[in-house]
Amino acid sequence: MAKCKKCGKKGLFLTVNSDGLCKDCATKVTKAENNITRTTSNIDAELKKQDAHLAKLTAAEIKYKEDGDINKIIAVYEDIFIKQKSTLVTQKRWFGLADLYVKNGQNDKAWAWLNQMAVLHPDYTSKIEEKRYKILKKENKHLEDAMIHLMASVGYSEGNAGPLAYYNAYGKNKFLKEAPSLIKKLKWDEEILDYFGIPKSSRG
């Protein structure tokens, strides 16, 4: 009497294949194998696409160093990341487009790209907030918003102990380096400066 090795079904009229599987189980295994094959093929195709994108970006960066044509390299970045929606995993290149926009005086485009990155790469949040802060600082406007982005970039979270208690060592040092000049422009009173832990020597 035949018995399926997978589901355990058995009977006088049950037939199994050479692998000892009944028809239903054999069909399921075949579908699973086909899915694995398709997934592997898709992964291979995606990796090849990423390799091509990386090669194109590298060539564009070399060319940019030679001719300094920023619009040309921006066009390459836009084609790969915006039009082709590349899944290339490299922070350097993702943020590279934002940096090129800023360098070319296209802050609005840089901001829009950072917003898009925030959705696609929430793991880049700290760096994205740092870039947002630097854009607002460079424009010298929306300074209260700039402060919010600065705090977000160093891992600030609200708490009764005051903000500096919630920074790691790197975040605290970075905040104390960047915040004083910004706070001077905001003309905040002493109470707020005390709350943020700004040393009196840095208050001007």
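1. Basis. The model is predicted, so local features need pLDDT of at least 70, side-chain atom pairs count only at pLDDT 80 or more, and totals for chains, interfaces and linings use all residues. Residues are numbered from 1 along each chain as its sequence is written, and side-chain values use heavy atoms, with hydrogens and water left out.

2. Packing. Helix α5 (residues 125–139) packs against helix α6 (residues 143–153) at an angle of about 155 degrees, and their axes are 8 Å apart. Helices here are DSSP runs of H or I with at least four residues, numbered from the N terminus; axes are lines fitted to C-alpha atoms over the stretch in contact, and angles run from 0 to 180 degrees between N-to-C directions. The two helices are therefore roughly antiparallel, a term for angles over 145 degrees.

3. Contact. From α5, Ser126, Glu129, Glu130, Arg132, Tyr133 and Leu136 meet residues of α6, including Leu143, His149 and Leu150. Contact means heavy atoms within 4.5 Å.

4. Helix α5. Its 15 residues reach 21 Å from first C-alpha to last, close to the 21 Å expected at 1.5 Å a residue; the expected span is 1.5 Å times one less than the number of residues. Just after α5, Asn140 takes a positive phi of about 60 degrees.

5. Leu150. This residue lies in α6 and counts as buried because its relative accessibility is 0%; buried means under 20% relative accessible area (1.4 Å probe, protein chains only). Leaving aside residues up to four places away in sequence, Leu150 touches Tyr133, Phe175, Glu178 and Ala179.

Definitions and conventions
Parallel < 35°, antiparallel > 145°, perpendicular 65-115°, else oblique. Buried < 20%, exposed > 50% of the residue type's maximum accessible area, 1.4 Å probe, protein only.
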